[in-house]
Structure formats: C-alpha cells, structure tokens
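Dear colleague,

I am passing on the structure below, followed by notes on what was found in it. Please read the notes with the coordinates open beside them.

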Amino acid sequence: MTPATLQPAIRTEAERDPAFATWIREVPGAENIAECIHCGQCSGSCPLSTYMDRSPRQLMHLAKEGFKDDVLSSLSIWLCTSCYECTVKCPHGIGVTEVMYALKRRAIEEEKYPKGFTIPLLAREFHDMVVNYGRVSEARLITGLLLKTSWRRLFRRAGQGWAFFRTGRVSTKRESIRGRRELKQLVEAMRSNGKGAAA
Amino acid sequence: MREYAYYPGCSVKGTARAYEESLLAVLGALDVRLNELDDWNCCGATAYMSIDENEAIGLAARNLALAGRTGQDLVTPCNACWLVLNKAKKRMREDPPTWNRVTRALQSIGLTDGHQVAVRHPLDVLVNDVTVETLQEKVTERLEGLKVAPYYGCQIVRPYALFDAQDDPQTMDRILEATGAEVVDFYPFKTRCCGGSQTGTLPEVGYDLIHALLKAANDRGADVIATICPLCQFNLEVSQQRIAKKYAIRPIPVVYFTQILGVALGLSPRALGLHRALVPAEAVLTRRAAHVG
C-alpha cells in the first residue's frame, strides 16, 4: 500500500466546514438535523443502505457536523430513490430524504461526482428536456442518455425497445407544450440562484 | 355524473398508456368524467428535484394554477405526480417566501396561484367518492379465485398519507376485494421501494429490489401483481426478463389495478390496454371471470 491511499478512519476538527453545517440546517425539511440522536432508524429502514459506502445515519451525522467533502464525495447520496422510509421513521422529524435531495443538488452544483456517472446526468437531461419542451419524451430521454454513457447498453436494450414499439408503448414523437415560452419564464423566475432568489 | 380535472403526467402518455386507457374506461363505466388540463407540463418527478427544488415547485405551481381555473379537484394516477403536486402545495402553504415567489412568478405569465386545489389519486376517488359499495353493485364478472398481490409503491403513502394508512394501506385491497378477487397479504412488501429510476441508472441494485418484490408475490401464490403507479408497473414487469438471468423466478403478470377492475366491470380487454402487456396478463384475468346477474 502506498501512503497516498491511506485514509484516516477518524475525522478531525480541521476537516470541518462550519458554513456547510449552517447551510444544511437551512434546507427545508432539515431544520431538526442538529437533534439527530443517531438511532439508525433511517439506515435500518433504507432499502438501499446495504449498497451504500456510508449509511444514511452516518451521512446525517457527517452533514450536520460540516464534513462537507466526506458527504459530497459519498456514492450513497446517489443511491437514494426518494422512497421516504427514513423520513417517516425518523423520531426527530428530520426530512432525511430532503437532506439527500439537497446533497445531490450541492454535489451537482459543485460537480462532485464521478465523471460519466449516470444518475446526475439523467437528472440534468431530464431537467433540460422539461425546461425546453415542458414534457418528457421517454424514448428520447433514455436514448439520449445511453448515447452519452454507454453505446453497448443502447444495443443491448434494442430488443426491449422493439417490445415497447410493438405494444404501442413507445413513441418517437417529441412531446411538448404550447406554453413553452411562459414555462421558461416561470422557471427562470423560480431559479434558486437567479433574480427571483433575493426577493 | 362526477367530474374532475385530470393531470395525466408524462408516463401514461407513453410506456404506461394502458393505465390511462383502463382508468378512463373504468371511470367512464362508473359515470365519472376526467377533463384533461389544457397544456399541462411535466411534474418534474424526482429527477428535477435533484437539480433545483424551487424550479420544481414552479413546475407544479403552473399545473395547480391551471387546475385552479377549473374549480374541480385534480386527479392524477401517478404516485410521483401526486406527491410532487401535494409537496409543492404544502411548501407554498407553509413557507411564505416560497408562496410570495411562486405567486409573483405565476403572475408574470398571467396565472393565479392554485394551491387550494385538492390533488387526488384514483384510489381516493374510487373509495371515498364513488364508494366500494357502488363498485360491488356494478361488478358484472366476479373474479372469484384470482389471487392478487396489491402493490402500492412508496410515494403514495410516504411521506404523506393523505387518504390511506401509511404502514399498511387498504384502499386498493378494498377495491380488488369488490371484484371478487382474493387479495393476498402483501404486507410489508406492498409499500417497499420498486427501485425507482435505479433500474435504469444502477440496474444491478434496482434488479435486487425488484426481485425481492416478485419473489414475495410468487411465494404468496399471487397470480398477478396489481400496481397504482406507472414506474412501479414498468419496473416490476419489464425487469423480469433481465432478472431471470440472475434469479430463477416464475414470470408473473403485473397490471394496473384499473385493468383488473375493468375486467370485473365487463369492459373489453382491448379497451383496458391488456394487449400492451409484456408478460401476458389477459388470459390470467379473464379465465376467472364468472358472469353475475
């Protein structure tokens, strides 16, 4: 093992980012995060925690103490499917799912995710399609995403695509709304770091 | 004749077409009319929330504003759409800065805030407005002996349980029982996660979750799984072939609860979109049908 791969198991004060700890407390739904008693209900109820590098309980703890890099570099935040088991189980009313969403947004904003990782790419593609057209064209979304990530998977899924085509469950048509201009205007007025934010 | 405003969501116009077909056919037979919102936009689902939450609330607010003009309750058959719309309403009601911002943004495009609109799922409408007693009266084909696993998915009971029990919901169970079918005890799997979009983004993880559900349904002797959400149906049905490479699992039809109800109401399989199933479902549902009255 080279020294470069050595990782301390214990975090120290020096690694904390107090501004991050303040930020997480202001996330709607995360107001109670400082009251976390580390009971582990979130981890125990999470159907994905078994695949996670850090359990939801660990993530909540690290986030509230301001260990920003540990939290944002964890793959766990991308495993969350928003099933809300943790949120309804938390005895202190912490919106764990809302924290997960906030961490995804922050990681995407700061581009802290493995390059080529599909999950944030899907979120971005989905977002842009909705902003531009007002609706999602499922086939276009999936094909576009596979083109950007894995040609091989696109070919492997061709058979499935045909099954959907045969049963009339897929359309190559571009879904869109008439009020595209108004929708864009609305979205821009709502954008978190946009003009509307200060008001 | 009962009337509601209708928010279909993107999926029921594509991969989940059979859900819309069967929903409209069933409600039509029960004298309920859904009026599709003119020029509705995507709800944003979970993916959009991962980019910008305020924008996502704006998307929902436009749909609520369109619904507000109709003066009718808004019905949406998709769990994700239902949650996003209800979540946006709650935020607008409880967070004044969000409410101010939304109302101003809507004003700029000539719309008025519609956060007072009731957002409802077809399960809620069928049980609380149409009533199970009416369903029992209208059933012409009893599905005696058909074993159904009722699968609700996550977002219809979590984080809010607005019309059903959070831990062990019953509305779909009651509707299915009205058809004469035998509802197998699917607790606690009935509200377990279907994997959401992970089946596409991290298939090895998504398939494990789906396998757990399919196996639970098979172990309980279910002939068919009934769903109430486009993504749940998609995941449970479409993944079966892929899962078969890793797990030995008996194929099991996965339908929308409206397709089962439709068969019991005597509607034609084609009108219910049963020909769109990838795991054949029509024979399983119709072979049990026994004409009554």
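**Fold of chain A**

Read along the sequence, chain A follows the pattern α-α-α-α-α-α-α-α-α-α-α-α-α, and the tally for this chain is 13 helices and zero strands, where helices (H or I, at least four residues) and strands (E, at least two) are DSSP runs numbered from the N terminus. This is a predicted model, in which local features need pLDDT of at least 70 and side-chain atom pairs count only at pLDDT 80 or more, whereas totals for chains, interfaces and linings use all residues. Residues are numbered from 1 along each chain as its sequence is written, chains are lettered from A and ligands numbered from 1 in the order in which they are written, and side-chain values use heavy atoms, with hydrogens and water left out.

Taken along the principal axes, the C-alpha atoms of chain A fill a box of roughly 55 × 50 × 35 Å. Of the 199 residues in chain A, 47% are buried (buried means under 20% relative accessible area, exposed over 50%, and partly exposed in between, with a 1.4 Å probe and protein chains only). Among the contacts in chain A with a separation of 6 or more, 62% come from residues 24 or more positions apart, a contact being heavy atoms within 4.5 Å.

**Helix packing in chain A**

Helix α8 (residues 118–133) of chain A packs against helix α9 (residues 138–149) of chain A at an angle of about 135°, with the axes 10 Å apart; axes are lines fitted to C-alpha atoms, for helices over the stretch in contact, and angles run from 0 to 180 degrees between N-to-C directions. The two helices α8(A) and α9(A) are therefore oblique to each other, given that angles under 35 degrees count as roughly parallel, over 145 as roughly antiparallel, 65 to 115 as roughly perpendicular and the rest as oblique. On the α8(A) side the contact is made by A:Thr118, A:Leu121, A:Leu122, A:Glu125, A:Phe126 and A:Met129, and on the α9(A) side by A:Arg140, A:Leu141, A:Leu145, A:Lys148 and A:Thr149.

**Salt bridges**

Over all chains the count comes to 38 salt bridges, each being a side-chain nitrogen of Lys or Arg within 4 Å of a carboxyl oxygen of Asp or Glu. One of them joins A:Asp70 to A:Arg11, with the closest N and O atoms 2.7 Å apart. This pair links distant parts of the chain, 59 residues apart, with A:Asp70 in helix α4 (residues 68–72) of chain A and A:Arg11 in the segment before α1 (18–25) of chain A. A:Asp70 counts as buried at 10% relative accessibility, whereas A:Arg11 is partly exposed at 22%.

In chain B, B:Asp73 forms a salt bridge with B:Arg120, the closest N and O atoms being 3.1 Å apart. Here too the pair links distant parts of the chain, 47 residues apart, from the loop between α3 (53–68) and β3 (74–75) of chain B to strand β4 (residues 119–120) of chain B. B:Asp73 is partly exposed at 29% relative accessibility, while B:Arg120 is buried at 10%.

**Helix α6 of chain B**

Eight of the nine residues of helix α6 (residues 122–130) of chain B are buried, so this helix is largely enclosed by the rest of the structure. The buried residues of α6(B) include B:Pro122, B:Asp124 and B:Asp129, and just after α6(B), B:Thr131 takes a positive phi of about 75°.

With best regards
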